[in-house]
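Here are my notes for anyone opening this structure for the first time. Have a look at the picture, then go through the points below.

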Amino acid sequence: MAALLEVRDLTIEFTTKAGIVHAVEGASFDVERGEALGLAGESGCGKTTTALALMRLLPYNGRIVRGSISFAGRSLVPLEEASMRAIRWKEMSIVFQGAMNSLNPVQRVGRQIAEPIILHEDADSDVALKRAGDLLELVGISRNRLNDYPHEFSGGMRQRVMIAMALACDPKLVIADEPVTALDVMIQAQILDLLERLRRELDLAMILISHDLSVLADTCEQVTIMYAGKTMESGKTMDLFTDPKHPYTQGLVGAFPDIRGPRNMPEAIPGDVPSLISPPSGCVFHPRCKFAFDRCSNAEPELSELAPGRRAACFLYPEVTEVPGRSMPIATR
Amino acid sequence: MPGDPSLSIIPRDPKFRGLRDYMISFFGLDRPQWEQFVIYLQRLFTLDWGLSYQDHRPVADILLHDLGWTLLLVGTSTILTVLIGIAIGAYSAIRRGKPFDFVSTGIGIFLYGMPIFWLGLVLQSAFRKNSVFQGWIPWWPALPTSGYYDDRLIPWNWDILHVADAFLHLLLPALTLSLGTLAGISLVMRNSLIDVMTEDFVTTARAKGLSPRQVLRRHILPNGMPPMVSLIALDIAFILGGAYQVEVIFRYQGIGFRTIEAIGSLDYPLLQFIIVIGGAAVVIANLLADFLLLWLDPRIKIS
Amino acid sequence: MDLDIRRGEVFCLVGESGCGKTSTGKAILKLVEATDGDILLEMPQEDARTYDEARTRPDDPRSREALDGVRRKYSVTWKENLPWAAGQILIFVLAILAATFLAIFVPSLALGVLRDPFASPWPIIGFCLSIGLILGSVGSLPPTRISRRTRVIVALLTLGSVVIAPVAVLFIHRALTGDTSRFEVGAAMASPWAEDPAAMILGLGLAVSAAGGACALLLDWRERSEGLTGIRMRSIRRRLQLIFQDPYESLNPKQSVYEIISEPLAVNRISRNPEETSASVREALSDVGLRPPEEFIFRFPHELSGGQRQRVSIAAALVLQPDFIVADEPVSMLDVSIRTEILDVMMELRSRRDLTYLFITHDLSLAWVIADRIAVMYLGKIVELGTTEQVIGHPMHPYTKALISVVPSPDPRHKVERIILKGERPDPVDIPSGCRFHPRCPLAFERCGWAAEEVADQLRSLKADGLLAGAGDFEVSEAGTVRVSVGSLSADALVMELNALLSERRDAYLPLKGIAEVRAANGAIELSLHESSEPPLLEIEPGNFVACHLVTQPAPIGPSVTA
Amino acid sequence: MGTVEVVKVGGVISPFRARAIVVGRRMQDIGLQVFHNKTAMAGLIILIFFTVLAVAAPLIAPYGPLSAVPDVGPLTLPAPGHPFGTNQFGYDIYSQVIWGTQISLLVGVLAAAVASVIGTAVGLVSGFVGGWIDEVIMRFNDVVLSIPWLVLMIVIAARLNYLDLVGIILVIGLTGWSVTARVVRSQVLSLKERMFVERGRMIGSSNTHILLRHIFPNAFPLIFANTILTVAVSILSESVLAFLNLSVKSNVSWGRIIAEAYQHDALTIGMAEWLIVPGLCIVFLVFGFYLFGYALDEILNPRLRRR
C-alpha cells in the first residue's frame, strides 16, 4: 500500500525585493498512516514553508517550482483551489507555532472550532458546537469554556484549543508546526503527551516540525533533517540519533546538551546559516563542514540510500573510499 | 478683543450714535472684558448661549436650525464614504500589488490631496445649467447647485415634492464631501486590512478550507474594523472642516456657512457656540466609537 | 529569598516562566526595585557573619545599627532618604522662573530682533540674557548629569552671554549710533508682546513645553538624588553587567557596533580620549571572537548574524570590565548550532577575566552542562539549591524531580518515566497557602497546606461523580473548616462514608489528605484540617538546600518518600 | 534594492568621526533606496519641478504677481501674451500662478516645520516621561484635536485681523501639531519598551541620554515622513484660508486666485484656466508630497522587514 503522504522533489521559491529565495529544494519524504514524521532543522531551513506547501497555503510571493505531493493517492500540486479547499482541514489539518496568533482574537473559541465542522460536514451550528465541546474535553478543557475568547486562555490552553480545532473534522494527517516552542517544559510535556495519546487513540498520521531534536527524539518514528532548504538526512529516529551519518546531523545531535548523559559541553558547528538568496555552491553545508573536501564545493550531493529507510545527502557516504587520506568520520556520540 | 463688533452692526455715521450706544450697552460691550466673560459663563450655566449680534435671535435657535441641515449633509456623506471606502479599501487589500490596487491607491492619494472647495467648484461648474459639458454631451444632467431646496417651494413641507427636491439639492454637496474624504478612509482600510492579513489566524482560516470571501468576511474584516472605527472618529473633525467648505461653495446654509458669515460680522456669541458644537460633535463621535469598539473587540473591557 | 554567589562560579537560576527568575536577576542589577531585602556586593566573610547574626535579632536596636552599617558599605539597593534641601527648593523656584521668563520674553525679543535689528540694542541684549539663563539652568544640573569639564565650559559661556555680550552689544550700538538716551526696559520688552498676538501664541506653546520640561527634569532628578549617589551607583554598575536574552531586540538598530560598545565608556566617562576608546572597543570585539575587529566595527546590527549580534551584546557588557555578569537566557533565542559558540565564549571569558555569572535559564539540560551550582525556583521562591550534581543528579524536591523527568533528551535510548504535573502554575498574585507547590505536587501529604476551599472543591467534584450521594452542600466556614450539611443520609452514616472514603481514596484524591478529623456537630458534619506551614529552605546535606516538608521532616502518615 | 558596502576602519576613531561614518552610511543607504523606489522618485520629480518654479519665479514669470499687463484691460480672455488671461485688475493670471508657488511651498514647509517641532517635543516628553505629565499633555491634546481645525484656524485668523506670512505660518503650524504629537507619543511608548532602552539604562545612561541617543534616532524616520505629509496638509490649509480670504493679503497665492476666479464666474465667461490651473497646481504639489511621504515612510519604517 502506498504511503498516506508522498512528497517528491518539492522545490519552493519566494520572490522578494532582494532576489529569489530558494526556500525549499528537492524535499522528499513519506508519511505512513498512523505514523509520526519529524522535520528538524534550524531557523530558515524551510520546515514551515514545507508545511504550508503541503496545504497549498504559501504566501502570495511563494510558489511550488517543481515536485509532487501525493496525499491518499491524489496529487495535490496541480489540484485546483476549490478541490484543495475540500481537502484542507477535512483530511489534513495544521497546528501553528504561536497559538496566540493562530486564533482569531475577536471570535469565541467554540465558534472557531465549530467553523470547519459546519463548513465541511454541513452540520448545523448546534451540532457543531456540541462536537466542539466534545473536542475541548478530549484535549482536557472543560466545555464551559466554549464561549470564551482566546485571550482568556493561557498559552498551554490555547495550544490545546488549537489541537482540538485541528481534530475537528477527523483528519487523516495533522501537521504540528513547532507545537511546543515557547512553552514551559512542563506544559511542553503535557502537550506532547496529549499529542501522542491522541495519535494512538485516533490513529492519526502526524508531521511534527521542531528545531528541537530532543522533542522529536521522544515522539517520532521517522525523522528528516533539513538545512538551508535541502534535505540532509532521513531515517528511523533511533538509528538517526544514535548513529548520525551526515556531518550536519552529527553536529546538530552533538549541539544539544543531554541532561541524562555525561556533563560534557555540547559541540558547536562553526559559522552561520547561509543566505537562501545566494546559497553556497555545491553542498550547502560545506562552508561549515569539518570534513569538507574539494568536491563538496563543486558538485551537489544527491540524497542516496545508505541502508533501507536511511538516506543521506553527503559525498562521504556511498563513495567514501574514493577520498584518499581521509578517515571515515565517526559519529561523535 | 480685536475688531469692534459694533462697527459691523451699525453704520459708522454720527446720526446712529444713540442707537450704537444703546446696542453696545444692550450686548454689554461697554463693560470690562473680564466682566463680559463672567456674564457669558453665567449664562452658559443656564444654557443661555446669548443673542446673535447680527439678527438678535438666540444663538441656539439659529444654530439648531442650521445643525439639522449640516447633519443631513455630513451624515449622508459619511455613510456613503464609509460604505464605499471600506469596499474599495477591502478590495484593494485583497488585490494587493495588482492593477486595481495600484490604480485605486493612486487615485486615492490624488483625491486625498485635492482641496475640497476646489473640487466643489469644479463639480458645481460641471453640473450647473448650461455647463460646458451639456454642449458636448446631450444627456449631461444639470443639478441644483445652491440652497437646501428650491426657493419657489418655501416654506418647507413634509411632502414628496419637497423631499425629492431636497434630495436633488443634497446630491452635489454630498458627492463633493464624499469624494474628498473617501480616499482617506479607503487608504486606511486597505493598510489596516493588509496588516491583519499577515496575521497567523488568517492562515489558519485558510487552512480550514474557507474560501477567500469567507476568510475576509469572518476573520479579516472583524479584526480590521476596530482600528478603522477609532480612526473615523478621530477624522470627524476633518470631515466637519470639509463640510464647512462645501456649505460655502454650494450656499448650503448649515453651520459652516453660518460660521463664515459670523466671522465676517464678528458675531462672537455665534462663533463661540459653533466651536462648542464642533467640539461636542467630536467628543460624541469618539464616545460612540468607544462603545462600538467595546462591541467589536472582546479584548477591550470597561475598566 | 537568600542567595549567595561566590566569586568565579556559574550560578544557574532555573524555573518555569513567571517563576521570578528574571525579576531576581533584574533586582540584582537594580533595574526593578526589590520590595524588601538586601543585595550585598563583595562582602568579606566577617561582615557576612555580622550581617547574618544581626538579622536573627531584628528588634534589637544595636543589631539594626550593625545591619545598616553593613548595608551602607555593601548594599546595591541601600537608600538614604534625603529631605528636600533648601538648595533644591531654590533651584526649583529658579527653574520655574526661568521657564516663565523664557516663555514670555524670548518670543517677543526674537521678533523684535527679527523686525528691526538695528533700531535698539535692548532686544539683542535681552536675547543674550535669555540664552545665559538657559545655559545657567543647564549648568545647575546635579553632578550626575554633567561632568566637571562641561560645567566649567557652561559656566564660562553663561558669564559670557550674561555680562560680556550685553556690554559689548551696548558699546557697539552706542558707537554706531551715538545714542546716549536712557532705556525703559519694561516698555521695550512689553511692546512686541502687545503688538504681535502671534508671539503670544508662540509664548504659550513655549510656556507649556518649558514648564513640562522643567517639571520632568526635576522629578527625575529627585528620584536620582534619593538612594545612592550617582557616582557610587556608577561604580557598581561598572562591576555588574547584564547580557540580554534577545540579541535582535537589545541592540539599537540605529547604532553601529562601535557606538554600541563604546557607549558604556562614554556614559560612565571612563575612557578619556578617542585612542583609549577605540582600543577598548577593539579589545572587547576580539575578546568575544569577532576578529578582525575592523571588519565589524562599523556594521549595523541588521548586518550581523544572530550569533554575531549576541557576541556584540556580550562585548558591550565586557567593555566596562565587570566582575559579575547576569546572563538572562543568553542563548535561548539563538539557533542550536550557534548556542554552543556563545557559551564557549562566555566560559572562556570567565577563566580569562575571572568573571562570576548568574545564569538565568529555563533549560535544565543547559544548566546541567554549564552550572557549578543551581537554584530551582517555583513561584518566586527557591525550592531547591545545591551543586549541579546534587540538584540534577539527585533531586530531592518533588518539583525538581518532575521538572527533570520531563526534560527531553536528544538520545532516544535515554528514556525515563516522565512525571507530568497536572495543570499550570498558579497565578503569582494568588499564591497557595502552605507549600506553594502542593496543589500540583504528586506526593503532597497532610501537612502541605491544604486549604478548606481545595478540600471542599474536591468533595464537590466527588459528589458530582456520584460518590457521597448522601451529602448536602459543602461550605467553608470562617474558622477554616469544611461544613458538610446532611442530605438524604443520616449524619452518622455520612461520617462513616466519609471515613471510608478517606481511608480508601486519599491517594487518588490528594486534597482529601488535608482532612484531619471528621466529626458530626449539630446536624451537620465538620471536617477540620491539618495544620500546616510553609516549608523553610533547609540544608539537608552540606551545600544542598531543599524547601519541602517531605524531605526535611519525617512524614507521620502517608507514603514514605526517600530520594 | 541598494546596499552599502560595510566600512572597514582602522586607527583611532573619534566620536565625531564615528557619528559621521554612521550618518553617511545611513544617508547613502536611504538615498539608494529612494532612487530605486518608483513612487518616491515620481513624488520627488513633482517636488523638484515646483521648487524650481518657486525659486525661479522672477525669471520665469513674465510679469510681477501684482502688476497689470500693459495695454490689456481686466478680464481678458487667454491670448499669447497672457496665456491664462487677466483678472479683474488686469493682472496676468499665468504669472500669478507661478508666483503663487512660492507662498504655497513656503507656508507649507515652514508651517509643517513648526507643527513637527512642537508635536515632536510634546510627543517625546509626553511618551517618555509618562505618568501624570503624560496624562495632562494628552488631555490637552485631546482638547486641541476635538476643536474642528478649520474653525479654529478661521477664528484665530479672523481675530488677528491682520495676518502676515509669519502669522499664517504660525496659525497653521500651531493648529496642526496635535496629530504629530499623538503619532510620536505612540511611537515613543513602543520604543520605550524595547530591550535596547533597557540596555541603555543598564549601562547607566541618564534619561536625557536615552531619549536623545536611543528613542529619538529610532523615532526620527517616522517623524520625518510624518513631516512630509504634514507639509501636504499645511498647503491644503493655506489654500482654504486663502480661498476664504483670510490668508496673506499682500501676496498672491493659489487659493486666492481660485477665490477670485470663483467670484468672477470664470467658467461662464470662458476663462476655465483661471479656476482649473491653480487648483491643479495645488493637487499636484500635494500629490507630490503625499507620494514622497508615503514612499519614504515605507522605506524608513518597513513594517514587515523587522528581523
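Predicted model: local features only at pLDDT ≥ 70, side-chain atom pairs only at ≥ 80, totals over all residues.

1. Residues are numbered from 1 along each chain as its sequence is written, chains are lettered from A and ligands numbered from 1 in the order in which they are written, and side-chain values use heavy atoms, leaving out hydrogens and water.

2. Which strands run parallel to E8(A)? Strand E3 (residues 36-40) of chain A is joined to E8(A) by 5 bridges, with Ala36(A) opposite Met206(A). Strand E7 (residues 173-177) of chain A is also joined to E8(A) by 5 bridges, and there Ala176(A) has Leu208(A) as its bridge partner. From E7(A) the chain crosses through helix H7 (residues 185-202) of chain A to E8(A), a right-handed β-α-β crossover (right-handed: with the strands pointing away from the viewer, the path from the first strand over the helix to the second runs clockwise). Helices (H or I, at least four residues) and strands (E, at least two) are DSSP runs, numbered from the N terminus.

3. Now chain C, where an open sheet of 4 strands has the order E7-E8-E10-E9, paired antiparallel (two strands pair if DSSP finds at least two bridges between them). Its edge strands are E7 (471-476) and E9 (515-521) of chain C, each pairing on one side only. E9(C) and E10 (residues 524-529) of chain C share 6 antiparallel bridges, and Ile515(C) is partnered with Leu529(C). Helix H19 (residues 491-505) of chain C packs on this sheet and touches E7, E8, E9 and E10 of chain C.

4. Chain B is the helical one to look at: 12 helices and 0 strands. Of its 303 residues, 48% are buried. Its accessible surface is about 15300 Å², with 67% belonging to carbon and sulfur atoms (areas by the Shrake-Rupley method with a 1.4 Å probe; for residues, only the protein chains shown count as cover).

Technical notes:
Buried < 20%, exposed > 50% of the residue type's maximum accessible area, 1.4 Å probe, protein only. Contact = heavy atoms within 4.5 Å. Axes fitted to C-alpha atoms, helices over the stretch in contact; angles between N-to-C directions.
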